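Please read them with the structure open.

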Amino acid sequence: MKIDHAKPLEYSTEENRLKILGFWVFLGAEIVLFSTLFAVYFTLVNRTGNGPAGSHIFELTPVMVETIVLLSSSFTIGLGIHAMRIGAKKAMMTFFGITLVLGAVFLGVEITEFVTYVHEGATIQTSAFLSSLFTLLGTHGAHVTFGLLWGSAILFQVKKRGLTPETANKSFIFSLYWHFLDVVWIFIFSFVYLKGMM
Amino acid sequence: MKWDEFFVTGEPMIYAAMVSIVLVSVAIVAGLTYFKKWGYLWRNWLTTVDHKKIGVMYIIAALLMLFRGGVDALLMRAQTAVPENGLLDGQHYNEIFTTHGIIMILFMAMPFIIGLMNVVIPLQIGARDVAFPRLNAVSFWLFFFGAMLLNLSFVIGGSPDAGWSAYFPLASTEFSPTVGNNYYSLSLQIAGIGTLMTGINFLVTILKMRAPGMTLMKMPMFTWSILITSVIIIFAFPVLTVALALMMLDRQFGTQFFAMQNGGMDMLWANLFWVWGHPEVYIVILPAFGIYSEIIATFARKNLYGYKSMVISMVAISMLSFLVWVHHFYTMGHGVMVNSVFSITTMAIAIPTGVKIFNWLFTLRKGKITFSTPMLYALAFIPIFTIGGVTGVMLAMASADYQYHNTMFLVAHFHYVLIPGTVFAVIAGYHYWFPKVFGFRLNEKLGKWAFWFIAISFNVTFFPLFILGLNGMTRRMYTYSESTGFGPLNMLSMVGAVGLTIGFLLLVYNIYWSTRYAKRDTTGDPWDGRSLEWSTPSPVPEYNFAKTPVVTKLDAFWFSKKENTPLTDDGDYEPIHMPNNNGQPFIMGVAFFFFGFFMVFSWWIPAIIAGLVVLGTMAYRTFEQDHGHHISVEEIERTEKALRGEQS
């Protein structure tokens, strides 16, 4: 395998460059997936049937916590990739670790929020609006959950094998995924929560 | 759940199917054991990451599905051949036209095309494999096990019965209480993930792995068509993913997306389905256009007329394909404005398509035409497809559509575009590239007999349906009374269907005959081809190209033959890096199959376990360290000598 030392580690082989491009294309497909879910949500947002509307159940505090935690995690994973570029394995692992912990906190708050909704009688089965809300948030949350498992697996490999072209490539691709989830959350925060609370 | 709810009971035809499934399975297992082929099957096929072998497996699966879907079609034609026929009851007829549609579009047409692109694309662009060989194997096994899951519904639990478009509320648990539509949502979901991965894989392959010098505008037309198709797949399939997930949630988890109360909206399904469904039509037709472009240029011995306009028109079609979905349900109560807009966008598609038709005609003009089997299909395609296209423009006019909507006229129209468009194309492409993969041509005489049977019988089967539709026969009706006068034309259609069956059987017999008796092709270029795939020996060695070709113009291989210039530099061979085989994609497919099956019956605990196995196969993949292997220079020399004989 030819390693091009002029490029950063994650781009250093042909295979690595293909994988990064492939993952960008995959993120394009993910954008379509979330756009469709948003379209479904906007179609059904006023169709609340006998259930509550968004303004009745949304609370700002947990949502703000989720937002701050997830945005910070995007920042820390950026620092992690920066550390990786300068070859600081330990700093990179620390930042990745912080990212995953923040992701777990986000998930914990989101689950608590879901439980609160259900206790208030707003379940996924109550109305079309709530079905689309839980599906949109749940799909994002499922992505975060998958990201926690995937990120842990990568962190473990970096610890065991060090920063090689393969592990650097995986870490970089994972950071793209994580940033993407953050972007989706910004849309959820703005157009689901803030708009719903107005 | 009782056993008689689990297995489909009470139909002699289904018992026969169960017996035949068991017998065939026993025969396969016994045969593999007797001939000691288990190891061969595992090492050479089930674990392969070679794009050519994956392509062959796609095509074999597609041919099997062609026969499954074909039997469905024959049963439908037999049921409607005479008035008040009692061969099938209403429910059974519903299930058969539903599975016919799903299987023919998603498990026959698409995999056949994906099979051809797997075999051909890396060869046409001068690459040694696709960008992600392992992912390619994952794509295949997800498709394969998705297709198997749907076919299982025939004997276990009952088939989907709400049409291939599964409109709500008909497809809801209220009106479709069997697990049939659970099979629909889960099997298409599994296969659909595979297709999305194929789209990503081929986009990256075509963008990044072309031979040096092959700029985008020097790519063969088939490669162009697959590039555009990949983009459509990437943008359309996630919509299907969401639609199917919402369907599953509605049917199995009590959500209200498409419900009739609590704010649900049944029309949302129709919109989501067709936002994917219409681009899907172009996913199966654009590659067909690409195949015809290759075949017509090769057998007219001319370069393709209007290369640039061909590319532009395909790009235009791909964009318009996302803007026409509402024409599938004009009559479902939109305003005049909405219908008008979609009428215009739909009719606009006729323009780029017409450009392509004229380009093919001009390519033929003054060409030295060879009437080979693939060329016959291409020549038959042009007029028959034009009939399909013109009736499409008739249907595109919203106000007129109220007259034909959901009649046999529509059924005739889409068979007139899909069969000469896609089915003729894949059969033509399969005859055309067959010698590349197997090293011998299919028998031309048998091929031409099959062609004439198929082309004539196709028109006998489907032309009467235009008239029946205009006379008022609606689609999907399982029987009719004699006084309607529909009988004679339906009988004629049945006769055509029998002819089509004979044609397809001849096609299969040809494989058998040619395997035994056909002369081996030693040149690697039996048709005097134009693009890079014909510069390799047949059958193609594992590494495709011993040395990467260098391209300077379109139809590089043709000019290298005419001008006697080599395609590669004089340098020596270098060791070639290739990926290793691995069983993980196959095991992942099996796990997905069980996950889907348990989900269909809402057996949560087994489903969770199977889902964890799926995650386990992913974890295995991320932790494994596999750097592939190198093929040594000596081995390349030996292989090239053996395949090319004295030439090298």
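1. Helix H20 of chain B gives the largest share of the nonpolar surface patch, 5 residues. This is a predicted model, and the points below should be read as such.

2. The patch covers about 700 Å². Its members from chain A are Phe146(A) and Leu149(A). From chain B come Phe253(B), Trp604(B), Ile608(B), Leu612(B), Leu615(B) and Met618(B). Trp604(B) is placed in helix H20 of chain B. The patch therefore takes in residues of both chains, and its members each have over 30% relative accessible area, as the definition of a patch requires.

3. Turning to the interface, 35 residues of chain A are in contact with 36 residues of chain B. About 3,000 Å² is buried between chain A and chain B, and carbon and sulfur atoms give 74% of that area.

4. Which helices of chain A each supply at least two residues of the side that touches chain B? They are H1 (14–44), H5 (128–161) and H6 (165–197). H1(A) provides the largest share, 15 residues. By type, the residues on this side of chain A are 17 nonpolar, 12 polar and 6 charged.

5. How many salt bridges are there between chain A and chain B? The count is 0. Polar contacts do occur: 9 residue pairs across the interface meet the rule, with both residues at pLDDT 80 or more.

6. Chain B has two cis peptide bonds to check. One joins Phe168(B) to Pro169(B), with omega near 5 degrees. Pro169(B) sits in the loop between helix H6 (133–152) and helix H7 (180–208) of chain B. Another joins Ser538(B) to Pro539(B), with omega near -10 degrees. Pro539(B) belongs to the loop between helix H17 (487–517) and helix H18 (556–562) of chain B.

7. Asn262(B) is not a glycine, yet its phi is positive, about 55 degrees. This residue is found in the loop between helix H8 (221–253) and helix H9 (266–300) of chain B. Most residues other than glycine have a negative phi, and most peptide bonds are trans. That is why the backbone features in this point and the previous one are listed here.

Terms used: Residues numbered from 1 in each chain as written. Chains lettered and ligands numbered in written order. Predicted model: local features only at pLDDT ≥ 70, side-chain atom pairs only at ≥ 80, totals over all residues. Heavy atoms only, no water. Contact = heavy atoms within 4.5 Å. Buried area = accessible area lost by both parts, 1.4 Å probe. Salt bridge = Lys/Arg side-chain N within 4 Å of Asp/Glu carboxyl O. Polar contact = N/O pair within 3.5 Å; in protein donor to acceptor, adjacent residues only side chain to side chain. Helix = DSSP H or I, 4+ residues; strand = E, 2+ residues; numbered from the N terminus. Nonpolar A, V, L, I, M, F, W, Y, C, P; charged D, E, K, R; others polar. Patch = residues over 30% accessible without salt bridge, like charges linked within 9 Å, V, L, I, M, F, W, Y side chains within 5 Å. Areas by Shrake-Rupley, 256 points an atom, 1.4 Å probe, with all protein chains shown as cover.
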